[in-house]
Amino acid sequence: MCGIIGYVGPRPAIEVILPGLRRLEYRGYDSAGVAVLEGGELQYDRAPGRLSVLEGLLAGRPREGTVGVGHTRWATHGEPTEANAHPHLDCTGRFALVHNGIIENHAVLKDRLVREGHRFGSYTDTEVIVHLVESSYRGDLEAALRAALDEVEGSFAVAVLCRDEPDRIVAARRNSPLIVGLGDGAQYLASDVPAILPYTRKVLYLEEEEMATLTREGVALRRLDGTAVHRTPTTVDWDMEAAEKGGYPHFMLKEIHEQPEAVRATIGGKTDRSRLRRLFGGLGIEAETLQHVERVVVVACGTAWHAGLVGKCAIEDLAGIPTQCEIASEFRYGAPVLGRDTLVVAVTQSGETADTLAGVRRAREAGAPVLAVCNVLGSSVPRASEGVFYTHAGPEIGVASTKAYTTQLVAMTLLATYLGLQRGTLDRQRAGRVLRAVGGLPGALREALAADAMVQECARRFQDSRTFFYIGRRYNLPTAFEGALKIKEIAYLHAEGYGAGEMKHGPIALVDPGLTAVAVFSEGATHDKMRSNVEEIRARGGRVVAVAPADDAEAARVADFVLPVPRVDEVVSPVVNVVPLQLLAYHMAVLGGRDVDRPRNLAKSVTVE
Ligand code: F6R
């Protein structure tokens, strides 16, 4: 998973490429490189490490070429070294190529190319493509790239420059995102919109198996089989502010604080029954299909999977439909029993997660209707699905997902309510109460965020813990999973999410003063059970932080520290309860001096297996 940018126009390409790469760093940041066409030659620069290393290199080597490509890498094949950084060149130095994706048959292709006399300079899977282009080139770059891609298996978004055709960039995609930005006398190419937003809002989304040739005069789209494609550009209405930090020290903190607005955007207006019907009526799946659903299977990864687990509780409670929630990387290789009466719901922020996308394709092949719950407009998962509910959380740049998660929770709750009403399993009063609770979420989130100073104090008090156990029950078991994931991924602290009732079946043996349990209290039947679970931990010397309403005297009595949240209906409690856990992870990470927005070994969208 990597970021690609390209520019052809009147300016030195580097002036567009470097800031663009900075905005794409969330896609990968272990090495970076650029190539420009200058004075009839290809000039290229690459550097391992963060983009600043490449910027330092280029400060001493001004590049004036006005056609160029850039790349920020997240290693899959080959260590993050200079040699493995993109762009890759062929043996003659005539072509430079950048790639996002994985070439699965690279070993076989490389053996053959080496036998034919090609010399390889890297350990990447990507390099085979540029050698294949070199082999096929007969004076037509587009034809050569098409021939090369005909031989590769796997996923790619590629862009290639050729010394002999210095006015153009040729690009193509299969299972990896790529967009083209249309300017006046200048054209842009990128993995994602924020990279080109300062220059243009007119965007062409490349579809599967399509290629684009960019010149100053314009862009020609074709299918990989050579047939011409005509498409009207989309106008992107995000403003740049939305993709920048807006005064917060980190994107993650900004995005945590954006949750009231993000959730409001997901709800998109009044929360009443007729609006719900209009909303789900227009998603692309027939109301009748949804009415006759016998089973729901949610497919997702990571944080999105946690949203799916909450969705399972809500769909079973409100709609009475048996629901299972599958990790996409398992689902895609399993033997799922699916049919037209099983609704598959694919939950994904980016819409580009390779395993989720593969799960969607698997489900579609089996004839199941697939509804995507997704944030990124026009991304691969919604396009591969029958219907889509966009969460409209806005761009999420911090690697750790926050506002994408809470908006996914809202989407799942609305879906459960809609299904319950459609099937007559949910009475109007209960539906009304749930919808009012959803409508009250922006205010409740603001209230939860107001406790930030207490969360910061809590982070200071408990940062020395050896290990954390996040415990929850029912709706808030996934909240516990999510809290533990957050603190692991950005603060690098050991944490486990666990069913509170399961502690006594093993993990309680770990309890001592070095263990902190973060107990997420739910309303309803499990509240008293949680209190007993917490007392068991305290009795063995463990320390306890409770997430509970400020007026929950029982939670306050048994815990060492309470992170207060507003009292809301249990169905929507995961939305507010996760807020102090996001903030706790954030403050622990800051106290530990971690790189909050770009945690080590992680990348924002996982477009490879
Ligand atoms: C964790 C996180 C990941 C993602 C997962 C799925 O903070 O962000 O666990 O949730 O990689 O990504 P999407 O939602 O883009 O499919």
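In this predicted model, a backbone N or O atom of Ser-401 lies 2.9 Å from an oxygen atom of the ligand. Local features need pLDDT of at least 70, side-chain atom pairs count only at pLDDT 80 or more, and totals for chains, interfaces and linings use all residues of this predicted model. Residues are numbered from 1 along each chain as its sequence is written, and side-chain values use heavy atoms, with hydrogens and water left out.

**Ligand surroundings**

- An N or O atom in the side chain of Thr-348 is 2.6 Å from an oxygen atom of the ligand.
- For Glu-489, a polar side-chain atom lies 2.5 Å from an oxygen atom of the ligand.
- The ligand taken alone exposes 410 Å², of which the protein buries 89%; accessible areas come from the Shrake-Rupley method with a 1.4 Å probe.

**Domains and cores**

- The chain is divided into domain 1 (3-241), domain 2 (251-439) and domain 3 (449-591), with bounds from an automatic or database domain assignment.
- The C-alpha centres of domain 1 and domain 3 are 46 Å apart.
- The largest nonpolar core has 90 residues, and Ile-315, Val-345, Val-347 and Tyr-470 have the most contacts inside it.
- This core lies between domain 2 (251-439) and domain 3 (449-591), because both give residues to it.
- A second, separate core of 30 residues includes Val-16, Ile-179, Ala-190 and Val-236.
- A nonpolar core is a set of buried Ala, Val, Leu, Ile, Met, Phe, Trp, Tyr and Cys residues joined through side-chain atoms within 4.5 Å.
- In soluble globular proteins, nonpolar side chains tend to be buried together.

- Ala-171 is placed in strand β8; strands (E, at least two residues) are DSSP runs, numbered from the N terminus.
- With a relative accessible area of 0%, Ala-171 is buried, a term that means under 20% relative accessible area (1.4 Å probe, protein chains only).
- Not counting residues up to four places away in sequence, Ala-171 touches residues including Leu-145, Val-158 and Met-211, where contact means heavy atoms within 4.5 Å.
- Ala-171 and Thr-213 are 42 residues apart along the chain, and their C-alpha atoms are separated by 6.4 Å.
- Glu-165 is found in the loop between β7 (156-162) and β8 (169-174).
- Glu-165 counts as buried because its relative accessibility is 12%.
- Beyond residues up to four places away in sequence, Glu-165 touches Tyr-137, Gly-139, Asp-140 and Leu-141.

Terms used
Buried means under 20% relative accessible area, exposed over 50%, partly exposed in between (1.4 Å probe, protein chains only). Helices (H or I, at least four residues) and strands (E, at least two) are DSSP runs, numbered from the N terminus. A polar contact is a pair of N or O atoms within 3.5 Å; within protein, one must be able to donate a hydrogen and the other to accept it, and residues adjacent in sequence count only if both atoms are side-chain atoms.
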